[in-house]
Every structure is written in structure tokens, then in C-alpha cells.
Amino acid sequence: MARLGAIPGLLLLAWASSVAVSAASDEHATDEEGAASALRGAQASPELYNERFFPADDAHQTPDPIALANESHHHRMLAGGEKRRKRREARRNGTLKIGECTGSRPRKCGCPTVSQADYRGKASTTLNGHACIPWKDEHIAQFPKEGLDDDGVGIAVCRNPGSVAHRAWCFVDDDRRSWDYCTVDMCQHNGAMDPAGGEAGDRDANGHVSGCVDRTRYYEIEAEIQSLLDSIPDNGDKGHQMGGMLRTCAHDLMDYDQDEDEGNQMGMDACMDWEHPNNAGLNTLWNEHTPWHKLWATKHSDISVADFWVMSCNAVVHIASKTPHYPEGLDLFSTFAWGRKDAESCHGAAERLPTTANCKQVEDVFLMRLGLTHQGAVCLLAAHTMGRGHKEFSGHHGKWMPNDRQTTIFDKKWAEEMVLRSWSKRHLLDHDPPLDDWTTGRSLNNPKMHLNTDVCLMWDIDEDQQCCTRTDQVDRNGRNRCESDQHNECNFYAPDHPRRPFSEAVKHILNGASRNNLQDNFHGCFQRAWMKATMNGHPQLKAVMDTC
């Protein structure tokens with residue numbers, strides 16, 4: 001597989017409330033319908049997801065990421081007051097905030113309040129000693145023009161177009177990374193400059209430079225996470241561990257609010273209310289008695305828990321994405337920067353987490369607070385492919401995938417399951433308060449589920465939730481696959497609906513109307529969204545050096 005360029009991004013919701021739990025079911029078990037039978041259910045065109053999802057005139061089109069970003073930005077611009085509108089406009093245009101940094105010297109240094117988006121100097125060397133390569137059309141197509149509208153286009157210089165990263169950066173010609181942060185100094189308000197980079201301490205008993213993360217330590221942590229997972233023989237239990245680790249990271253990053261004052265934005269800071277119902281079950285993954293916590297405490301306590309969590313989750317994604325078609329997997333090394341600080345307190349963090357009620361939760365949290373695009377939000381939600389939910393914690397019981405083995409694989413199957421199966425409403429009346437979600441198949445022992453916040457990305461269910469997503473499928477016995485409402489098919493979003501970009505993003509992940517093993521769209525989209533989400537709230541992170 002060709003190396004994917006991990007690029008600073010322009011951005012998990014049921015991740016927020018459905019912690020995975022241990023399952024002892026056989027890894028090959030499926031419901032009585034069988035996964036293969038489900039795929040055959042689209043009888044009119046078994047090799048297509050469904051021609052209704054991919055009309056002939058756009059069967060192979062994918063949404064323009066810049067158009068999606070602009071539409072998302074327009075949606076957010078309409079939502080707030082004057083102060084909020086100014087902040088969001090500034091994030092889309094890196095030049096607008098220059099005046100807020102009284103010590104701005106664009107030819108000499110970059111202003112930290114705009115993540116060096118104002119920098120217009122000639123620096124062309126990265127923190128790891130790489131030479132920048134010229135900005136090309138295929139590079140800049142993924143970013144707003146702001147920041148590349150000067151003499152930066154076509155030459156090798158450091159820039160941060162549209163504040164997409166947290167300091168100036170550039171593309172490099174290197175087999176191990178596609179880009180790197182630059183040696184551009186930070187402007188101070190008094191006109192002085194802070195040197196790029198930072199100093200680390202002495203080596204500790206584990207051979208690490210205290211307080212520093214270099215390439216060796218990053219991959220050492222990945223190997224340790226691999227060993228932790230290899231020690232779990234049952235796929236249900238392994239999926240619980242992997243999904244739970246990802247959800248711990250998600251709960252931590254989802255309390256970020258870009259419109260709060262500095263100091264109360266939160267984000268990835270290893271601070272959460274473990275006793276709050278929104279975080280129920282996560283403390284079974286992270287406490288002083290669990291292997292994950294012990295790994296940090298015994299070998300990596302010189303770095304922040306927040307940095308350790310991000311590296312652990314990166315490791316899970318890399319390990320789980322290695323498949324026969326993608327043996328290299330999705331390596332998120334080039335999206336990682338270190339230096340997060342753990343917060344002592346985070347009052348109200350749990351109340352910022354989304355619920356599973358509807359797509360307004362996705363819009364409010366992912367688009368408005370985290371600052372992600374529609375496509376970025378959908379690609380993060382696609383991580384539902386791992387783990388499962390349990391009624392004891394979130395109230396939602398079941399897996400997004402057809403079997404336990406699939407819950408240990410990180411790929412686009414979440415999107416495939418959404419469009420291939422017939423999903424009907426399920427009412428969970430025994431939960432207090434009552435909940436609802438969507439299910440398919442007729443297995444009580446191995447239930448499959450999607451949440452409102454999954455289904456609403458493709459179908460307009462705000463007004464009519466008593467519907468079935470696909471009424472055209474029957475099982476081997478001739479029964480309609482809709483468990484209910486088989487005569488009322490859910491409506492797709494109209495082309496001019498403000499949520500249409502969500503469904504276009506699902507199609508982007510699928511990468512075509514026919515079933516295929518292509519993961520590039522999903523991998524690239526997830527990389528960009530994950531980078532932004534894990535860096536939110538930390539404007540002065542340090543790039544990972546080859547050696548501390």
C-alpha cells in the first residue's frame with residue numbers, strides 16, 4: 001500500500017456513552033441470518049451497496065473536503081453572537097487575528113494566538129532537521145487559501161494555512177513522515193521571540209529522557225500496547241479493551257469548547273468525572289489495578305497521562321488497521337505531538353459530552369465546539385467499528401459489527417453495516433430514563449445496534465423515527481428484514497438539507513458504490529480529524545524528534 005500522507009487536518013459521539021464490555025461469544029458467531037446473507041439481501045444489485053445511495057450521476061464522486069469545510073463553517077457562523085462569529089472567522093482566515101498579537105512580526109516569528117498562521121518568513125527547516133519541499137497544488141487543495149496566498153505557493157517554506165495545525169509546518173520528502181513542524185519561533189506580546197522546540201531532562205531508569213517523547217519511545221509504547229492486547233485471548237474481551245481505550249481518549253477530547261475563554265476550553269487533559277453517568281464503565285479500563293494504568297505508572301509516569309492516552313489510542317488504531325489488504329495499517333505517528341499537561345480539575349466536563357439523542361448532538365459537539373467538519377465528525381464516528389455497548393453502562397446493548405472478531409478491526413465496516421442492513425427502531429424501556437436506538441437481525445444473544453447519532457448521518461429521522469432504513473430486503477425465509485415499520489422507509493436527506501454533508505461523508509468513506517476493500521478515504525479522513533481533535537486546547541505542543 002502506498003504511504004498515506006498524514007496531513008494537519010481541517011474534525012465521537014456514541015464513543016461518548018457506550019463503553020465496550022467483555023463478551024464471551026465465539027469470534028465466528030453471527031446472528032441466525034448470517035453476515036453473508038445480509039449482503040445478499042440487496043437482491044436487485046447484490047454487488048452494490050444500493051443504487052439509491054449512489055445515483056448514476058454521482059456514483060463515483062466523493063465530497064470536496066474544502067466545500068464541506070466551508071459549509072460547516074457557514075453553519076457555525078449562523079449559530080452564535082458577534083464574539084463567537086469573530087472567533088470562527090478568524091479560525092478560517094489565519095490573517096485576521098494578527099492584530100491580536102501585539103508582538104506580531106510575521107517575517108520573523110509566528111503569533112501563538114493564531115498558531116503561527118500569520119508567519120510569512122523564509123524558514124524552510126523542520127524540528128527534525130528535514131528540508132521543506134515546495135507547496136504543490138495537490139497539497140494546498142486540502143486547505144483554505146489563507147496562509148498560502150503569498151509567496152509561499154510553489155516554494156519550500158514553513159506555513160500553517162488556515163491554522164489547521166498548532167504551529168508552522170511543511171511537507172518533507174522522507175519515508176517515515178510526510179510533514180513535520182518547523183523551527184519557527186513564537187512571537188511574544190512584547191515583540192521578543194521564544195525559540196522553537198524545548199529542552200528535556202536526564203535519562204531515567206527506563207532509558208528515557210525524562211519528560212520527552214522521541215520516535216523510539218513512541219513505538220516502544222505501541223509495542224507494549226501490542227503485548228497487552230496479545231495477552232487477551234478472547235476477541236470479545238480484546239474488543240472491550242481496544243474500544244474502551246479509544247472511548248477513554250474520546251471522552252477526554254470531547255469536552256473541548258473552542259468558544260470558551262482560555263483556561264476553560266479543556267480538551268485532551270486526562271481529566272474527567274469518573275463517577276458521572278456519561279463516563280460509566282471507563283474506570284474499569286483505567287485504575288491503579290488495570291494493566292493499562294500500570295504500564296504508565298511503572299514505565300512512563302514522567303510524561304503526562306494525556307500524552308500517554310493519545311499514544312495508546314494511536315497504537316490501537318495502528319494495530320487494528322493492519323489487514324491483508326492494508327498490511328502497513330494506519331500509522332498515526334505523524335499526527336502526534338507531545339507536551340499536553342494533565343488538568344487538576346475540570347468542573348462540568350461530563351456535561352459537555354454528547355448524548356445519543358439525535359444529530360443536533362453531533363452538530364453541537366463536533367462541529368461547533370470541537371471545530372470539525374461534517375466529514376471529520378463522520379470519520380471519527382466510524383470508529384464505532386470497534387468494541388460494543390452494554391446496558392449496564394450506557395443503556396445501549398449490542399455491537400455495531402456482526403461478530404466479536406470484527407470488533408477488533410479498525411476499518412470502514414461501520415459505514416458498510418449502516419447501508420447494507422435494514423435498521424429499525426428499538427425502544428429500551430427498562431432503562432431510566434428510557435432510551436431508543438436501532439437494531440437489525442433477530443438474535444437476542446448477539447444483538448447488533450446503531451445509535452440515533454449513527455443513523456441520522458444518512459437518514460432524516462428527526463420528524464419520523466418510526467421507520468426502517470431499508471424496506472427492500474428479505475431473508476432466506478422470505479421475511480422482510482425490517483423488524484418493524486417495514487412499510488415505512490426512512491427518508492434520505494434532500495440535496496439542499498443542511499445535514500446532507502453528513503451522508504456525503506458516509507459515501508466518501510465507502511469509496512464507491514460497489515463493495516470494495518479500499519480504506520484510503522477513511523484512513524486519510526480519520527487522520528486529519530483525529531489530529532485536530534487530540535490537539536485541541538494545546539497550542540504549543542512539541543513535534544516528536546527522532547532522538548531526544
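Trainee: Which residue forms a salt bridge with Asp 364?

Mentor: A salt bridge is a side-chain nitrogen of Lys or Arg within 4 Å of a carboxyl oxygen of Asp or Glu. Here Asp 364 pairs with Lys 360, and their closest N and O atoms are 2.6 Å apart. This is a predicted model, in which local features need pLDDT of at least 70 and side-chain atom pairs count only at pLDDT 80 or more, while totals for chains, interfaces and linings use all residues. Residues are numbered from 1 along each chain as its sequence is written, and side-chain values use heavy atoms, with hydrogens and water left out.

Trainee: Where do Asp 364 and Lys 360 lie?

Mentor: Helices (H or I, at least four residues) and strands (E, at least two) are DSSP runs, numbered from the N terminus. Both residues sit in helix α9 (residues 359-369), four residues apart, so about one helical turn separates them.

Trainee: Is Asp 364 buried or exposed?

Mentor: Buried means under 20% relative accessible area, exposed over 50%, and partly exposed in between (1.4 Å probe, protein chains only). Asp 364 is buried at 19%, whereas Lys 360 is partly exposed at 45%.

Trainee: Which residue meets Asp 437 in a salt bridge?

Mentor: Arg 426 does, at 2.7 Å from N to O. Asp 437 belongs to strand β9 (residues 435-440) and Arg 426 to strand β8 (residues 424-428), so the pair ties together parts 11 residues apart in sequence. Both Asp 437 and Arg 426 are buried.

Trainee: How many salt bridges are there by this rule?

Mentor: The count is 16.
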